Amino acid sequence: MGGQTPFQTKPTTDYPTRAPKPVGQLISGIYKERIGQFYDGGQWEHNNLRAMMNEGIAMGHPHVKLWVWDAPDQSRPTFDDAVSHEFKETSVFSWFGPAWTTHWFKVVLTVPEGLRDKRLLELHWDANNEGMIWTDDGKPLQGLTGGGERIEWILPESFRDGKEHTIYVEMACNGMFGNAPGGDSIQPPDPNKYFQLSKAEIVAVNPDARQLWIDTWIIGDAAKEFPQDSWEQHKALKIVNRIIETFELGNKDSLKACRKIAEEYLGTNVNSAKVYDSGKEALVIGIGNCHIDSCWLWPFAETKRKVARSWSNQCDLMERYPELNFACSQAQQYKWLKELYPYVFERVKKKVAEGRFQPIGGSWVEHDTNLPGGESLIRQFLYGQRFYESNFGKRCQTFWLPDTFGYSSQLPQLCRLSGMSRFLTQKLSWNNINKFPHTTFNWVALDGSQVICHMPPAETYTSDAHFGDVKRSMSQHKSLDQDHTSLLLFGKGDGGGGPTWQHLEKLRRCRGISDNVGLLPRVHLGNSVDDFFDRLELKANSFVTWYGELYFELHRGTYTTQANNKRNNRKSEVVLRDLELLATFASIRDKSYKYPKKEFDDMWESVLLCQFHDCLPGSSIEMCYDDSNKIYAEVFQTAESVLKGIFKTLGVAEVKSTTVAGGVALNTLPWHRKGLVDISENEAAVACGTGPLLNLRTFKTSAESPGASVRKASNGVYVLENSQLKVEVEAGCITSLYDKKSDREIIPKGQKANQYVIFDDKPLYWQAWDVEVYHLDTRKELSSSETKVHEEKNHRVSVVTETKISDKSYIETIISLTASVSGEQSYVEVTSKVVWHETMKFLKIEFPVNVRSTEANYETQFGIVKRPTHYNTSWDMAKFEVCCHRFADLSEHGYGVSILNDSKYGFATVGSTMRLSLLRSPKAPDANADMGTHHIRWAILPHQGSLGPTTVRKAFEFNNPLKLLSSAPGSGRSTVVIDDVPPVQLTSDSDKALVLDTIKRGEDDADVSRGELPKKDGRSVILRIYDSLGGRARGTIATTWDVKKVSKANVLEDEIEELPFKDGKFDVDLNPFEVATYKLQLAWGNVKL
């Protein structure tokens, strides 16, 4: 009947009718703060989990006996050398130093009976500096970091026998980040720093306590970092507090009970790699990584030891953690390991063969990409990939530069030409003006080549594998509509080290949370970087694109800091280009001439090493530049020796003076060249022609009709003039530059070009690295003394001016004008000698010009980058200081002005003012950076039409001046024999935008190869040609050599396709800014130069 309620059976509970006691709401903030108290040091450490970490400790005699040998000075002796010396007894709490010294310890261990049956025995060694543990027969086992990090070494089971066992510890008197005083690591190192050995003891570790520490650490992080409105956060907070309340000091069973509670949140598999076997989709791929700066806050020599310490650690961890997959770049570091630590290198090779240690990057070092020339970037890949292939049987697929200061626009093209289609970095996350908008995208070069780029959203390459790093791998991911996965690079870095056992344990627990509770992005270990990119490549066609350079909105000062180092880089690149070209010609002309491949390899590897991203940019300590100065000196000494051998083969010698009939000019540039060369103190000749040796002819001038003149127009005002240009100079500044051919004044009325300006230069923190936008507000013009005539010759005139910077610094400036040569554009050349002893100042030179454009052109590797001359947006303003190579140009329709330089890289164009950066004076990390005397050259080149081949070629010529030669004594000839046609050239009807940039021998030619890879029969010549202006460029290569076959190749010299070759010629057809490599296979036989 209606209205009746049916009887229902209710579950039986013991829920009381009356509340037995008050229960309050958990006060979240207080309970979160409590977590750290459970395992932190300080006032609680004797009453919390930390007090149960160890089950026993043995120290001092007879258990740990110590002797030491102090290596002399700053030497780093080998094991065999060290153990050959007499050791003296020492003890814990002794001090060792000073900074950069090395001390070898003989350590004799005897495990006491009470510890022999403990589950985990370790040696704990801590002197707050780096070290390496060696076996008594000289095998390096494991690195030590110090300062509480990586201080433990697991004792072998054989040490539990109660007998004495000997090991050695090599102590390096530097921390992971060098020897800076106090807590600021980028300050100049303290040469008098000493280190105390605070710990050398045998420790029986309680594994349950250690594992519980990691449990509570990660669950506690979940309680702190999960959203407050999520049940996952509340459960984490409840679980971790239950653990704290269950813990009983001194009760080992309570540790197991606590770990059982932790399993409710972490799952039951977190104690092994089985945690990764759930089969659930992972969003974050963890990759062990060990970024070791080849130099930075320590010298190159210390890096060699860092490599051995760090990589031996990883081999050791792989034995205990099968999920660890470790990626490491820089072929140079592998080579150091191979040469200096063959035992560790063989361990690494074994792990590489297992697929767990991944050589990556494809380059010789993790180099800067703004400053090296185009051919240097190619050689980074050529030498890197060849090393990997010859030692590990495989080339790299991924270019790896997590810490470099910006990425130039042609890198994607060069990567593809080097066999790599992927790129990883994260440095743009440091931008201090605009946030880069992508995580995963296609990066497109000037020529249209693309690579898949991934920037790990955790925004670090040295993650400590924190819960938050895994979380940020999703929360900071900017390309979720493209792909929702990411890489997490974990491991101690910059100073080396790599992953620790703590990192691996934490990631196991992060995975456990994802599988057991959720909310945290699921992390997975065991895959490689290649596995990650392989999956991306399947969908990469739909990724967003970024065209052109990846400009880094920070560290703009690195275009200028350490000027001498940058000068050496430019000079060495020029020298190597010239030598390879000449040696190629000599080796083909004369079979008795041996192409100096070893010397070239040694020089290139040295130059490539110095292009490391903290060396060439100028951000290392002074010791590194002492090293690089020596390295470059050896390069130039070797180059001089090689050049002498080439000249001997060619029958020529370099001279200071000669006659027109008896001399020739050495030309290493690939186009018809016409210019003046001094043949005596007061006389010049015209060098004209195509090819390496150019005839001279008389330059006809007279006192009545000089090629260039100088006159005093008024008090302190001088006018320099040739047939093309008229230059007015007052107090060192150019107040007028008149182009006669174009009937055009270049300097705006009332303004001054070649004006020195100085700025206060105090960045927010990174002194050697940064120049901030606010420095522009401090601009001050420098005043100069009266200008005087310096030189007055028929073919060249010049004036000189001195400019006072301060009581300690001054500039001597020579402005020169050379006689114009028919068919060649004249320019105004400036040579400066700067005596520089400033503090936090920035010296620049300005050129206001009568040209208007919203974009300026800057030479980059194999191309041109256009950048704004205005500040319309924050993206435009961020480029207030940019990088250029041999020239910067401002052009409007029909006319333009280029500024050429011989050793500078920093530039800015604001409106119609062009500004070349000259010198900085930061005081950290090198307190003496740039102090001293500098010699700098630049030129003002006006030109008709927009930017074109005139600027490109004049910039090359400015950096490759003609050299005066004559017939070598003893050659049997009074004059030099010059062939009518050069051995290889672009024909005169070829597009003038084409640059034949490199001529070298094939790497694996039978008469050249050093045996790293299989030799190839015959002789070959490699030509590298590029379009320099950004248009379709066609031309023809003609050669007098006996060529059997011509192939287009990649930069690794793999042949791609054979090309038609007829009558000594083949066609070249390049897309805008394309870089093309051609391989000419020669027939055996003598071929004349």
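Colleague: What makes you call α14 and α16 roughly parallel?

Modeller: The axes of α14 (residues 563-589) and α16 (residues 622-650) cross at roughly 25° and come within 10 Å. Angles under 35 degrees count as roughly parallel and those over 145 as roughly antiparallel, so α14 and α16 are roughly parallel to each other. This is a predicted model, in which local features need pLDDT of at least 70 and side-chain atom pairs count only at 80 or more, while totals for chains, interfaces and linings use all residues. Residues are numbered from 1 along each chain as its sequence is written, and side-chain values use heavy atoms, leaving out hydrogens and water.

Colleague: Which residues make the contact of α14 with α16?

Modeller: Among them are Val-575, Leu-579 and Leu-582 of α14 and Tyr-632, Val-635 and Phe-636 of α16; contact means heavy atoms within 4.5 Å. By class, the contact has 14 nonpolar, eight polar and two charged residues.

Colleague: And why is α15 called roughly antiparallel to α16?

Modeller: Helix α15 (residues 597-610) packs against α16 at about 155°, with the axes 10 Å apart. That angle is over the 145 cut-off, which makes α15 roughly antiparallel to α16.

Colleague: Which residues of α15 and α16 make that contact?

Modeller: They include Phe-600, Met-603 and Val-607 of α15, and Ile-631, Tyr-632 and Val-635 of α16. This contact divides into 10 nonpolar, three polar and one charged residues.

Methods. Axes fitted to C-alpha atoms, helices over the stretch in contact; angles between N-to-C directions. Helix = DSSP H or I, 4+ residues; strand = E, 2+ residues; numbered from the N terminus. Parallel < 35°, antiparallel > 145°, perpendicular 65-115°, else oblique. Nonpolar A, V, L, I, M, F, W, Y, C, P; charged D, E, K, R; others polar.
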